[in-house]
Amino acid sequence: MRRCATGLVALAVLASGCGLTSGSPMVDDVRPGTVGAGLPLKGAQLTVTSKEFTEQLILGQILGLVFEAAGAKVLDRTGIQGSIGAREAVKGGDADVMYEYTGTAWITYLGHDKPITDPKKQWEAVRAADAANGISWLPPATLNNTYALAMNKANQKKYGTRTLSDVAALSKKDPSAVTLCVAPEFASRDDGAPGMQKAYGMRIRPSNIAKMDSGIIYTQVSGGSSCAYGEVFTTDGRIKAMDLVVMEDDKRFFPNYNAAPEVNSETLKKHPAIADLLAPVTAKLSNEVAQDLNAKVDVDGDDPHAVAKEWLVGEGLIKEG
């Protein structure tokens, strides 16, 4: 089960739901480290937001803590359900900044059918297109939280699949063998199961696709009895913790989902220091870092806010006290 931040932050998540009618101030005793020297955001009042899943909660807390250390007063409105709500909050000015994924923007928000395979070109295209929507994209991380299918080692040994093309071949040879556990959103998105099946020529029976909360998928795949394959995210810490085997996307169907700060353009004009503050933070965010941070929440049960602060302080980006 995904956890929200503790205390007032948890109340903010519960109160906000799908909208941004409430929030809680962040009240950490933090100061500049390698970022935030001179308190360039002193006097600023900024609102951070995120989607509701673990990685997003951590990234939202990272933003808020960096802004606090740089002198801003920060309102925490992280944990918005679904992709659209958080996006619209930034677009409409109810929130100032969030970490978003380039693939989500390109396909879900901007309506393109085909992803751009080069990560930098994907980000450049999103940045150019979103300028008209009042959203400014700052440089992306190497963190690429894209989709994948995974299975446990016992089933991998049983069926011998290592790529999605192998899964497609198995779906034709032995249709009953390919059972999927997926989140409802993945089951319907063009960059999810429908598009994947079309791109690879998979023949998966509708009755073989079970929809469930994404957090449950990992345990079901790890057990291996409910579904042979499950939708996972490449930065999820549970892949390593549960010893799952990820199927190679050998046709490069899934889009690049590089995390990058998207900022309300008016906010960035008013507080241009945001770009310089976030650049070194974003540069440190890799798949390996994300897996470690996500595992602290999803495997160890730690709080997203505490995990974000520990990482920022450990990297020397901010200091406590």
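How many disulfides does the count come to? In this predicted model, the count comes to one disulfide. The bond joins Cys 181 to Cys 227, with an S to S distance of 2.2 Å, which falls within the 2.5 Å required of a pair of cysteine sulfur atoms. About the S-S bond of Cys 181 and Cys 227 the torsion is about -110°, so the disulfide is left-handed. Cys 181 belongs to strand β8 (residues 180–182), whereas Cys 227 sits in the loop between α10 (214–223) and β10 (229–233), so the pair ties together parts that are 46 residues apart in sequence.

We can turn next to a pair of helices. Two packed helices are described by the angle between their axes and the distance between the axes. For helix α4 (residues 102–109) and helix α5 (residues 119–130), the packing angle is about 55° and the axes lie 9 Å apart. That angle makes α4 oblique to α5, since values from 65 to 115 degrees would be needed for roughly perpendicular and values under 35 for roughly parallel. The crossing in which α4 passes α5 is left-handed.

Which residues make the contact? On the α4 side they are Thr 102, Gly 103, Ala 105 and Trp 106, and α5 contributes Gln 122, Trp 123, Ala 125 and Val 126. Sorted by class, the contact of α4 with α5 holds five nonpolar and three polar residues, with no charged residues.

Terms used. Residues are numbered from 1 along each chain as its sequence is written. This is a predicted model: local features need pLDDT of at least 70, side-chain atom pairs count only at pLDDT 80 or more; totals for chains, interfaces and linings use all residues. Side-chain values use heavy atoms; hydrogens and water are left out. Axes are lines fitted to C-alpha atoms, for helices over the stretch in contact, and angles run from 0 to 180 degrees between N-to-C directions. Helices (H or I, at least four residues) and strands (E, at least two) are DSSP runs, numbered from the N terminus. Angles under 35 degrees count as roughly parallel, over 145 as roughly antiparallel, 65 to 115 as roughly perpendicular and the rest as oblique. A crossing is left-handed if the near helix is turned anticlockwise from the far one by less than a right angle, and right-handed if clockwise. Contact means heavy atoms within 4.5 Å. Ala, Val, Leu, Ile, Met, Phe, Trp, Tyr, Cys and Pro count as nonpolar, Asp, Glu, Lys and Arg as charged, and the others, Gly among them, as polar.
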